[in-house]
Amino acid sequence: AGLAYFGRYAGCHFDTPKQVAQFLRSAEGISKDQIGQLLGKKDPFYRSVAVSYFSENYNVAGMELDQAIREFLTGNWLLPYESVAYVMGIFAEVFLAKNPEYKLRDETMLQGLANALIMLNGFQHNVQSKRTQMSLKRFTELVRSFDITEAHLSPADVKGFYKRICKDDLSPKPPTAAEMTEAVLNYPTKRMMGRKLTRKGKRDRTYFVLRDGCLFFFDKEASKKDFTPSRVVFLQGCVAHKHPVK
């Protein structure tokens, strides 16, 4: 279903994973979330798409693992949180291919370490978990739970990962107001959806655009001179459920 959708969008037929990856790298008008969902599909064909996409899109040679993950999370896709562990497995494969001399050579262990870094990042930088931040001791236990011994990764290396993640969020920084406005201005169809809302007996019209994992709200229709959103809701990590029809 994913390929059929993208094929209709591009007006072409995809025969190989590399063709799909090439299309995704230059695709315009497709949301980051849609691309992330496609790259995270647990299917041999889509896995090959993801390997090709990440191999040709990111030069992580010579980088430390956390630096490579930081680079990996940038670009025109969003990490699908329901399949983080799976995508980190693809990351481990690509990372080792580009870093054949890396200290941790086992792909399964590297995937585990990458997942541990993602988990640590969530604990340290998620506003809702500020009171339950992960200690160095707990992080070390988490790393060792993936059968990564001190012979594979020294305590100093583990502490280095911990300090760097605590200092800087791995996730891409939220867009500025100017970047958000530009993103909406570049929306391919230039369409806005409107909905009448009742507020204190008055009927007001609110306009909104869904773009790149964000819901942009506007108090009036767009114009070239004034296209600034009144508010933005970040939808990354949210799950939509169909409301039961009564």
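Because the model is predicted, local features are reported only where pLDDT is at least 70 and side-chain atom pairs only at pLDDT 80 or more, whereas totals for chains, interfaces and linings use all residues. Residues are numbered from 1 along each chain as its sequence is written, and side-chain values use heavy atoms, with hydrogens and water left out.

The protein has 10 helices and 4 strands, where helices (H or I, at least four residues) and strands (E, at least two) are DSSP runs numbered from the N terminus. Read from the N terminus on, the order of the elements is α-α-α-α-α-α-α-α-α-α-β-β-β-β. Of the 246 residues, 37% count as buried; here buried means under 20% relative accessible area, exposed means over 50%, and partly exposed lies in between, with a 1.4 Å probe and protein chains only. Among the contacts in the protein with a separation of 6 or more, 54% are accounted for by residues 24 or more positions apart, a contact being defined by heavy atoms within 4.5 Å.

Two packed helices are described by the angle between their axes and the distance between the axes. The axes used here are lines fitted to C-alpha atoms, for helices over the stretch in contact, and the angles run from 0 to 180 degrees between N-to-C directions. Helix α4 (residues 44-57) and helix α6 (residues 84-98) have axes that come within 10 Å and cross at roughly 50°. The two helices α4 and α6 are therefore oblique to each other, on a scale in which angles under 35 degrees count as roughly parallel, over 145 as roughly antiparallel, 65 to 115 as roughly perpendicular and the rest as oblique. The crossing of α4 and α6 is right-handed; a crossing is given this name if the near helix is turned clockwise from the far one by less than a right angle, and is left-handed if the turn is anticlockwise. On the α4 side the contact involves Arg-47, Ala-50, Val-51, Phe-54 and Ser-55, which meet Tyr-86, Gly-89, Ile-90, Glu-93, Val-94 and Lys-98 in α6. By class, the residues of this contact of α4 with α6 divide into 6 nonpolar, 2 polar and 3 charged, where Ala, Val, Leu, Ile, Met, Phe, Trp, Tyr, Cys and Pro count as nonpolar, Asp, Glu, Lys and Arg as charged, and the others, Gly among them, as polar.

Helix α6 also packs with helix α7 (residues 107-125), at an angle of about 125° and with the axes 8 Å apart. The helices α6 and α7 are therefore oblique to each other, and α6 passes α7 in a right-handed crossing. The contact is made by Val-84, Ala-85, Tyr-86, Met-88, Gly-89, Phe-91, Ala-92, Glu-93, Phe-95 and Leu-96 of α6 together with Glu-107, Leu-110, Gln-111, Ala-114, Asn-115 and Ile-118 of α7. This contact of α6 with α7 has 11 nonpolar, 3 polar and 2 charged residues.

Individual residues of these helices were examined in turn. Val-84, which lies in helix α6, is buried, with a relative accessible area of 12%. Residues up to four places away in sequence not being counted, Val-84 touches Leu-79, Asn-115 and Ile-118; Val-84 and Asn-115 are 31 residues apart in sequence and 7.6 Å apart in space, C-alpha to C-alpha. Lys-98, also found in helix α6, is partly exposed, with a relative accessible area of 27%. Leaving aside neighbours within four places in sequence, Lys-98 is in contact with Ser-55, Tyr-58, Val-60 and Ala-61, and the C-alpha atoms of Lys-98 and Asn-59, 39 residues apart along the chain, are separated by 7.9 Å. In helix α4 lies Ser-52, which counts as buried at 11% relative accessibility and which touches Lys-18, Ala-21 and Arg-25, residues up to four places away in sequence not being counted.

Most residues other than glycine have a negative phi. The phi of Asp-147, by contrast, is near 65°, a positive value in a residue other than glycine.
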